[in-house]
Amino acid sequence: MTHDLVAALSPLLTAEASAEAHAAGAEPGDLEQAVWLRLLERLEAEGPPPDPHGWLRKAVRAEARRSRRTIRRERPYGAEPADDVRADPEQHVLTAARCRALREAVRRLPGRCPRLMEALLSPKDLTYREIAGELGISQGSLGPERSRCLGCLRRLLTPEVAAREARG
């Protein structure tokens with residue numbers, strides 16, 4: 001039943017989300033995701049809507065309004081604290097701690113990732129050719145290797161960053 005409903009509503013949702021997204025300042029995919037979530041929540045709580053197509057149109061518009069309200073309230077920061085040119089001692093300590101955490105995570109990476117990441121983070125600003133020569137790998141394999149290592153680093157750092165943000 002749910003699969004049939006999703007299949008029936010999918011083209012309409014794509015069209016409605018595309019039509020509303022620009023005015024809402026949102027991506028059509030984001031609106032679609034939010035509406036699918038609302039539908040799943042509704043199916044669990046109340047069952048399928050009596051008029052699925054009408055419900056979907058209303059849900060897209062409601063999500064577009066919510067997106068517009070959110071965008072009006074959000075204000076970007078002028079600069080990140082680490083970017084402050086008038087860095088006080090606290091900022092220097094925080095920046096040093098971030099660098100230490102990054103270097104410690106790099107050392108925990110598998111295989112030749114630690115050497116590759118150290119070369120990429122080097123203050124010498126090495127070229128890909130120099131890094132490939134230093135590591136003894138082809139320059140063409142450096143990009144995919146870098147991507148793999150960054151993925152590993154991201155997985156290592158995600159729990160640490162998430163744990164720090166939870167406090168506060």
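Colleague: What should I know before starting?

Modeller: The model is predicted, with local features needing pLDDT of at least 70 and side-chain atom pairs counting only at pLDDT 80 or more, while totals for chains, interfaces and linings use all residues. Residues are numbered from 1 along each chain as its sequence is written, and side-chain values use heavy atoms, leaving out hydrogens and water.

Colleague: Which residues of the largest nonpolar core touch the most other members?

Modeller: In soluble globular proteins, nonpolar side chains tend to be buried together. A nonpolar core is a set of buried Ala, Val, Leu, Ile, Met, Phe, Trp, Tyr and Cys residues joined through side-chain atoms within 4.5 Å; buried means under 20% relative accessible area, with a 1.4 Å probe and protein chains only. Here the largest core has 14 residues, and L109, L116, M117, I131 and L153 touch the most other members. A second, separate core of 12 residues includes L5, L12, W36 and L39.

Colleague: Why does E63 count as buried?

Modeller: E63 counts as buried because its relative accessibility is 8%. Its side chain makes a polar contact of 3.4 Å with that of R38; such a contact pairs N or O atoms within 3.5 Å, where within protein one must be able to donate a hydrogen and the other to accept it, and residues adjacent in sequence count only if both atoms are side-chain atoms.

Colleague: And which side chain of opposite charge is nearest to E32?

Modeller: That is R66, 13 Å away. E32 is buried yet has no salt bridge, meaning a side-chain nitrogen of Lys or Arg within 4 Å of a carboxyl oxygen of Asp or Glu.

Note on methods:
Buried < 20%, exposed > 50% of the residue type's maximum accessible area, 1.4 Å probe, protein only. Lys, Arg positive; Asp, Glu negative; His and termini not counted.
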